[in-house]
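Please keep the sequence and the structure in view while reading.

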Amino acid sequence: MRRRSAVPLGLAALLTLPLTIALPEAQAADGLVSAGRPTTASSVEGTGFAPGLAVDGSSTTRWASLEGADPQWLRIDLGSNHTVSRVRLEWEDAYARSYRVQTSADGSTWTDVYSTTSGDGAVDDLTVSGSGRYVRIYGTARGTAYGYSLWEAQVYGAPAGGNGGGNAGPAVPFGSHLKPYAAGILKPSGAQSAVDQKVVDYYQRWKSAFVRQNCGNGWYQVISPDADHPYVAEAQGYGMVIAATMAGADPDAKKIFDGLVKWKIDHPSSVNPDLLAAEQDVNCRSVNGGDGATDGDMDVAYGLLLADKQWGSAGTYDYKALALKHIAAIKKDEVNPTTKLLKLGDWTSSGDQYYWLSRTSDWMVDHFRAFRAAGGDSTWDAVRTAHQNQIANLQSTYAASTGLLPDFVVNTNTTPKPAPGEVLEDPNDGQYWWNACRTPWRIAADAATSGDAKSLAAARKLNGWIKTKTGGDPNKIAVGYKLNGTQISSGSEAAFFAPFAVAATTDPGSQAWLDSLWNKMVATPIDNSSYFSASIQLQVMITVSGNHWVP
């Protein structure tokens, strides 16, 4: 471990400057606009060096990047378009020899307002001229063998109004927390900026492991090495929701999202072309009938709504129009018109053995709220109510002591109940297994964002049981349970332990339990062979950190 100086080197250098130096007139007039603003970075050296510490007003706390790697950057979100007249950088021992100061309206396209190749680690008090919502310090060559570190990065300027050259940036950039949760919802302990940075770090690893540009055609895909096919709709849906949510933290978020949109458009379901075909082979061709799967379609529609709110719909793709078509297609071919419960896909119809079957992991209650708001169709109120009623019915009737839901529910037209055995995938179709493991996350995400009493009750029931079952030790969360709480398999899988963290946020008495779950997630490396577990954990971390929002 490198020994750190107790006194900021940059501060010592500042004390040697002549006292008669005056600031330019523009600097004196403009105010500090970066203090406490949402801040992200390309990397963080470790605990205690979060990017937000560079804008906290203290010269004793700092951001530090990973050591030994170029380039690295620190980005500050000013919240709206600003003119920028001055940037003051107080470097720690690990300084930049070569770096640029950049501004951007949208977090994607950057303009240099200052650059140097002869940085010396002193305080750099720079007069600049630029405008944008974002300011980035972009280091290209380190001055030492270590990393980049700033005690303070201060931006001075004034609100300018507008979008900055007409480029619409994300309306809800990651880390802005512009959409607060319901009262009483917990977050992991520690500085919010440090929590957010852990999500960004995990996202970057997830992106490297699973986001691809295969087969050309301008497509982006999320690969699925642990699924039956290289590309599945569920993975693309996850990717769209993640990309839209991470806008502001990833400069490429919109580019990735648009590539996923093109994939969706170019791979229509053979049943309803406004939906996404569920599976594609290594040559990116739809296979196995080319029909749709409800889980993927739900997230595709939701992701499109997020994109409309983030970037507007006047660009390459009309996100809002695509979303409304997708939602209408879900209603037509993936909602059972009698029960108002979701079907497995657009391929099942009246008279077949799957028509009265539903998968609980598809029951994304917050998505129904978004669909209702987007198009004003009151059908989604009835759909939401039907699913919440079945969650309560299954918990009270079949899992009174645990609150666990089964993978599949049968007889939805008469007396809904857990599948009696294998009905689609596995002998454990009626247990809390590889589908239903996501339900604590889906139920509690609605509870956190809406404060809905039904969702809160269901989430708290799950949380109370698992916390007691494990004695507050996340390492004891098993891989699967029968509905009475009997363990099915040993081991530890993110798909099973991570979702319980969202349920923990709904209980004011579960801070220590939530922190234990969070710490386990942070310590769990990406499994490059499992998009499923990694994608679930990433979305759970987004939600638990307070960055999930309903369009």
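How much space lies in the largest cavity? The largest cavity holds about 120 Å³ of space, where a cavity is a set of points on a 1 Å grid over the protein atoms alone at which a 1.4 Å probe fits but cannot get out, and a volume is the space filled by probe spheres set on points joined across faces, edges and corners.

## Basis of the model

This is a predicted model, in which local features need pLDDT of at least 70 and side-chain atom pairs count only at pLDDT 80 or more, while totals for chains, interfaces and linings use all residues. Residues are numbered from 1 along each chain as its sequence is written, and side-chain values use heavy atoms, with hydrogens and water left out.

## Cavities

The count comes to five cavities of 30 Å³ or more. The largest is lined by 14 residues (those with an atom within 4 Å of a point), and Val241, Trp441, Gln539, Thr543 and His548 lie nearest its centre. Elements giving two or more residues to this lining include helix H4 (233-245) and helix H15 (531-544), helices being DSSP runs of H or I with at least four residues.

The second largest cavity has about 70 Å³ of space, and among its 13 lining residues Val172, Ser176, His177, Asn547 and Trp549 are closest to the centre.

## A three-stranded sheet

An open sheet has the order E13-E14-E15 with antiparallel pairing; strands are DSSP runs of E with at least two residues, and two of them pair if DSSP finds at least two bridges between them. Strand E13 (358-359) and strand E15 (417-418) are at the edges, each with a single partner strand, so one side of each has no neighbour in the sheet. Two bridges join E13 to strand E14 (residues 408-410), and Arg359 has Phe408 as its bridge partner in E14.

Conventions:
1 Å grid on protein atoms, 1.4 Å probe; cavity = no way out; pocket = protein on both sides within 12 Å on 5 of 7 lines; lining within 4 Å.
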